[in-house]
Amino acid sequence: MKRRNLFTTMAAALALATVPATAALADNPVLKIGFVGVTSGPAAAWGISNQRSMETRAAWLNEIGGYKIGDVTYDIEIVSFDDQKDPKRAIAGMEKMAQEGIHYVVGPNVDDGAAAVRPVAEANGIIYFPYAFPKALYTAPASNAVLGMVANYQSGPAIYKYLKEEKGVKTVAFIAANESDPLSQRDSGLVAAEALGLEAVSANVTYQVDTTDFTPVLTPVIRTRPDLLVLSGVTPANAPQLIRSARELGFQGLISTETAQDAQVLRESAGDLANGFISVGGASTPEIASDMMKEFVARYTEMFGEYNDESNTKVYALEYILATLAENPAAINDVEAFKQTMDTFEVPNPYMKGDAVMRYVGMSSFGQRRQVAVPLVVNVFQDGEFETLFVAEVD
Amino acid sequence: MEQVVANGIYLGSQYAMIALGLTLIFALMNVLNFAHGQMYVIGGFVTYTFYGQFQMPFLLALLMSCLTLTVLGALIEKFLFGPVIRRSAREESTMLLAAGIAFLLDAIILLVFGEKQRGVPKIVDGVFNWDFRIIMPYDRILICALAILSIVAFITFMQFSRTGRALRALAQDRDAAQLMGVNVNRYSMIGFALGAMLAGLVGGLLVTITGVNLGMGGPTSIKAFLMVMIGGAGVISGAIVGGFILGMLEAVGLAVLSQYGDITYLVIFVALMIFLTIRPQGLMGKPWG
Amino acid sequence: MSRAAIYRLLAVAVFLVAIFWFIPFLIDVTGRWNFYYTLTSVALLSVASAGVWLTFYIGRINIGQGAFALIGAYVSAILVTKAGISFWYSLPLAGLFAGLVAVLIGLPILRLKGVYFAMITLVLTEVVRLAALALPITNGAKGIVSIPLPSELSVFDITIIPDFSTIENPKLAFYYTACALMVICFAAMYRIVNSRLGQLCRSMQQNEELAASVGVNIAYLRVIVFAISSFLGGVGGAMFGAIAQSVYPSSFVVKDSIDFMLNCFLGGLGYVFGPMLGTLTLYFGWDLLFELGKYQLLVYSSVLILLILVLPNGLLSIRLNRFRRLRS
């Protein structure tokens, strides 16, 4: 008898699970935009900040009556798939997007996932916006991936150059987790630093991502007394621990990274020790954030309880997709039309003060326009907040 | 060299505490608790919530972590592991249950505490610096001392209290213990709760230094498995030795091998495999089939 | 022919018709094309899980299958991209290489039992990942990308398998290939289990010392079984590399190794077809719960725990229980 009850419960649970959770929207036709990325497990923060910034923007657009593309006003629906940072799942996610008739997908968040979904995306006519840096994804013959942020081989040189000229940095040390993304980023960072004439005093120390004590890892690096310590491809979880350990070991130089970080996390886990930490951000620092960016942050905070500064760069992909579709409504079901529009697309950037524009770039890195022109905002952490160090552009 | 030893002792003390709870559960019930790391993470988040957010005293927050995990551990044993162990044909089947619980706790952690890395203010400021030969922040020294103190307290408890003796009897021979009048079901539950509590305690202690995030669970479990294997499965002293050895191995390995860069960890893991092959029962353990 | 044998043949025929005709038909009618990839994954993962199951059969908990899947994926990728060998030859070679590695590693480590063996295989997964990151031939952290689709396989100018890049629907082609692999794999497994080798394995599972005392060469036997197991892992991994057209050190990690083991547990350690059902439930279950969004993992794990509470000996034990009740 008891067993029967359990079965009934299970059946009920399964039945519940299969009921599609479609929210009731207004009468507008619905435009679905996909997200395939990691929203559970160790790297959840990356995907979740992505997904939430998309959902915030979609809810906002729907609230003000939808988004006008051509003659039709659409409600935006975000379809999210959690790939658990597994490239095999990422393929399933991309297949799912194709199944739903989606042509524009944001994600995946890591190198292996972005490479694995390429065949599916190209076979099904999907343009996707990965947050992965390998150049092979964006250079011909690959044509369906659009880099959703600034790659470290673009931001790295700008940061190193600035630090070399303004702060007199001469020697640099790199440290990276022993995983694909951070190691690739370290290697390209190293090339960039040496091209600028900086001396790399240590570049082969790695750590396991699950390290709980970075003191033994950092000790040999700090011994080399670099002027600048670069945390290549560091996750927001590891960054404060690395900073804290380095400072406690008596490191006096500069620390920087080319990935986006979150001020709240740094404030909590490293406190004042993180002062002077240089990272790459979007456009939410007070100096450059437009009113629209401020409203976005407010809405995000209201919807999810807490803002994540990583979303500063991640709000853009959706905005680019929609703005490009508005420019060329034919692209809504035809990615070839989208690709053509990419070459000429240029509209004002609503998230930034001043006359910044949104356009597709990447000619010098990839030989074709396969990157969104996110403003390269280099932030420095000071007393719990990010301040803008300098703003640059990628071409 | 002094620095390496100091790093090793610090790492070892925290590792040993993580391994203790795992080995206790393993010794009592032959369960490889894949959810141990998640319990550690929950302990960290509870301390974060009470100490970091509600500004309560650190020790009180630590106590809340222990309490939460004790209750959680008891419930998990009573309603999940207990029934499954009684009914499964092969006792390894509990590994599936343990993994299922690990997924469940991961899901709950994500929903309750969010995806971000969390940290708390330092409990003591300042860095101990002995002529640049040993550099160790005071909070690490304090946590290390607290961890060693907890380990000593735990061993004393296991040696001299009535409950501890019953648990040891249970670990040695389940049937014999039952014949001697030990209430096996009750003590299994107590043992599991105790193991979970240790995980919560170390999570609470370490949140002050490493912070906590939901991804730490799985890797922590696996690291704890390694320590238990090095020392010998199901042996309390083995877990402590294993923890300190892995701590030392990492500290020494990183110091000696750092110039080889990318293969540092490869060498450490291969060394570990060779060690386990040569001495399969670990340092202290008895061969187990 | 006995009635049981006829039933068995009938069941096999129904199964074959189902996977090769009915499921494609169903997908065609409903238009759920994405299920092809999911089911392809299930088929391939169940091949790798079958290997793990086989090591369970000699009483070893194997949490190292991810290592062999990764080895297989890399061997095939390297052979195809660097040596220009056809994928169809690289597939068995990948399996053989994984098997060879298993023999070398297995000789020392198979002396271990229980959790000790489990742990050392778990470490092995991490060792292989780190080796893939460090070795030059694997292209390190950058992985091997842009692997061409499987090319034509022909014997005496007769095309046996057409070039996948010219096929209109490679998804379907991969599905058929994966299913064929799965069928061959499980047919072989069934054969092994019901052969003298299988009997010897069972005797080892129960008591190795006793088996050795009656003249079973257990050292030889367990290495053979471990090699077969790893062969299956290597083949599964190689096939995945061909579908993703890329291999990274993180293509198969510790989590995959654990998943392979869980598939076996869930299906039931006492049943040859356990890994297949276990993989289907665990992998497909996750995809089915896609609509739940952030509650996906919560519901997934809750259902999993409920399943274990109801059927602690695996899904297939439900059949066993019924038979027992009939007999009593």
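Let me start with A:A289, which counts as buried because 21 C-beta neighbours lie inside 10 Å. The term buried applies when 20 or more other C-beta atoms lie within 10 Å of a residue's own, exposed when there are 12 or fewer, and partly exposed in between, with C-beta atoms placed from the backbone. A:A289 sits in the loop between strand 10 (278-281) and helix 11 (291-304) of chain A. Helices (H or I, at least four residues) and strands (E, at least two) are DSSP runs, numbered from the N terminus. From A:A289 to A:A43 there are 246 residues in sequence and 27 Å in space, C-alpha to C-alpha.

This is a predicted model, in which local features need pLDDT of at least 70, side-chain atom pairs count only at pLDDT 80 or more, and totals for chains, interfaces and linings use all residues. Residues are numbered from 1 along each chain as its sequence is written, while chains are lettered from A and ligands numbered from 1 in the order in which they are written.

On confidence, pLDDT is the predictor's confidence in each residue, from 0 to 100. Chain A has a mean pLDDT of 88, with 93% of its residues at 70 or more. Over residues 12-25 of chain A, however, the pLDDT is below 50, and this stretch has 14 contacts in the model beyond near neighbours in sequence. A contact requires that the C-beta atoms of two residues, placed from the backbone, lie within 7 Å. Where pLDDT is low, the predicted coordinates should not be read in detail.

I turn to the domains, whose bounds come from an automatic or database domain assignment. Chain A is assigned domain 1 (26-148 + 290-375) and domain 2 (152-259). The centres of these two domains of chain A, taken over C-alpha atoms, are separated by 29 Å. Between them, 11 residues of domain 1 of chain A are in contact with 10 residues of domain 2 of chain A. The domain 1 side of that contact has seven nonpolar, one polar and three charged residues. Here Ala, Val, Leu, Ile, Met, Phe, Trp, Tyr, Cys and Pro count as nonpolar, Asp, Glu, Lys and Arg as charged, and the others, Gly among them, as polar.

Chain C is divided into domain 1 (1-32) and domain 2 (34-254), with C-alpha centres 26 Å apart. Each of these domains of chain C gives seven residues to the contact.

Next, a sheet in chain A. Strand 11 of chain A is joined by three bridges to strand 12 (residues 357-361) of chain A, and A:E346 stands opposite A:R359 in strand 12 of chain A.

Finally, the chain interfaces. Chain A places 34 residues in contact with 36 residues of chain C. Helix 3 of chain A provides the largest share of the chain A side, eight residues. By class, that side has 17 nonpolar, eight polar and nine charged residues.

Chain B has 39 residues in contact with 38 residues of chain C. The largest share of the chain B side, 11 residues, comes from helix 4 of chain B. That side divides into 29 nonpolar, five polar and five charged residues.

Technical notes
Pairing = 2+ DSSP bridges.
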